Amino acid sequence: MSDVDDLTDAVLTASRLLIAVSARSLAAVEETLTLPQLRMVVLLDSRGPMKLTALADLLEVNPSTAKRMIDRLITSGMVDREPNPVTKREVVVVVTEEGRRVVGEVMTRRRAEISTIVARMPEHLRHGLVEALNAFSEAGGEPRWSARDETPERTRDHVKVD
């Protein structure tokens, strides 16, 4: 087996744990959202307003699927549609204050549970984990987020206008 295979298996195993942590954190805060819906709200919170097509591309779903998710999230008060601040002709999807609140609470709960898990790891194995996970996240295009910053880092181009 290669290093890539070993690492892939380790990441898959860790991802099962992280999905379980995410599901528990979401259930404790907002039981009406699904994990995919939360992912959409997190993307909007971390990257800023986006056109439906850009959001669908990031989520790797059809625009019609993204539109249905957006409609449900508007009904629940998590996101809204607004005129594109760049062109004024198009509509973009934006996270609402309620959506930001839910993302903040879920992330705080996730951070606490993950912190507990990390604290149970042998100390000598923690050192390389930060660098490796940051590189992994960067390779996957995920913006850095830290509860210590209180808000996710936003990309420079907040509005996706492709």
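Is Asp45 buried or exposed? Asp45 is buried, with a relative accessible area of 5%, where buried means under 20% relative accessible area, exposed means over 50%, and partly exposed lies in between (1.4 Å probe, protein chains only).

The structure is a predicted model, in which local features need pLDDT of at least 70 and side-chain atom pairs count only at pLDDT 80 or more, while totals for chains, interfaces and linings use all residues. Residues are numbered from 1 along each chain as its sequence is written, and side-chain values use heavy atoms, with hydrogens and water left out.

**Overall layout**

The protein has six helices and two strands, which follow the order α-α-α-α-β-β-α-α from the N terminus on; helices (H or I, at least four residues) and strands (E, at least two) are DSSP runs, numbered from the N terminus. Of its 162 residues, 28% count as buried. Among contacts in the protein with a separation of 6 or more, 58% come from residues 24 or more positions apart, a contact being heavy atoms within 4.5 Å.

Helix 2 covers residues 35-47, and its 13 residues should span 18 Å at 1.5 Å a residue, which agrees with the 18 Å between its end C-alpha atoms; the expected span is 1.5 Å times one less than the number of residues. Because 10 of the 13 residues are buried, helix 2 is largely enclosed by the rest of the structure. The cover over these buried residues includes helix 1 (3-29), helix 3 (52-59), helix 4 (63-75), strand 1 (79-83), strand 2 (91-95) and helix 5 (97-120).

One of the buried residues is Ser46, with a relative accessible area of 4%, and the side chain of Ser46 reaches the backbone oxygen of Leu43 at 3.3 Å. After helix 2 comes Gly48, whose phi is positive, near 90°.

The loop between helix 3 and helix 4 holds Glu60, which counts as exposed at 72% relative accessibility. Most residues other than glycine have a negative phi. Glu60, however, has a positive phi, near 60°.

**Salt bridges**

A search of the whole structure finds eight salt bridges, a salt bridge being a side-chain nitrogen of Lys or Arg within 4 Å of a carboxyl oxygen of Asp or Glu. The table gives some examples.

| Pair | N to O distance |
|---|---|
| Arg100 and Asp45 | 3.4 Å |
| Asp71 and Lys67 | 3.0 Å |
| Glu97 and Arg100 | 3.6 Å |

Glu97 and Arg100 both lie in helix 5, three residues apart, about one turn of the helix. Salt bridges that share partners join Asp45, Glu97 and Arg100 into one network, in which Arg100 is partly exposed at 32% relative accessible area and Glu97 counts as exposed at 61%.

Asp71 and Lys67 both lie in helix 4, four residues apart, again about one turn of the helix. An α-helix has 3.6 residues a turn, so residues three or four places apart point the same way. Asp71 is partly exposed, with a relative accessible area of 28%, and Lys67 is likewise partly exposed, at 41%.

Definitions and conventions. A polar contact is a pair of N or O atoms within 3.5 Å; within protein, one must be able to donate a hydrogen and the other to accept it, and residues adjacent in sequence count only if both atoms are side-chain atoms.
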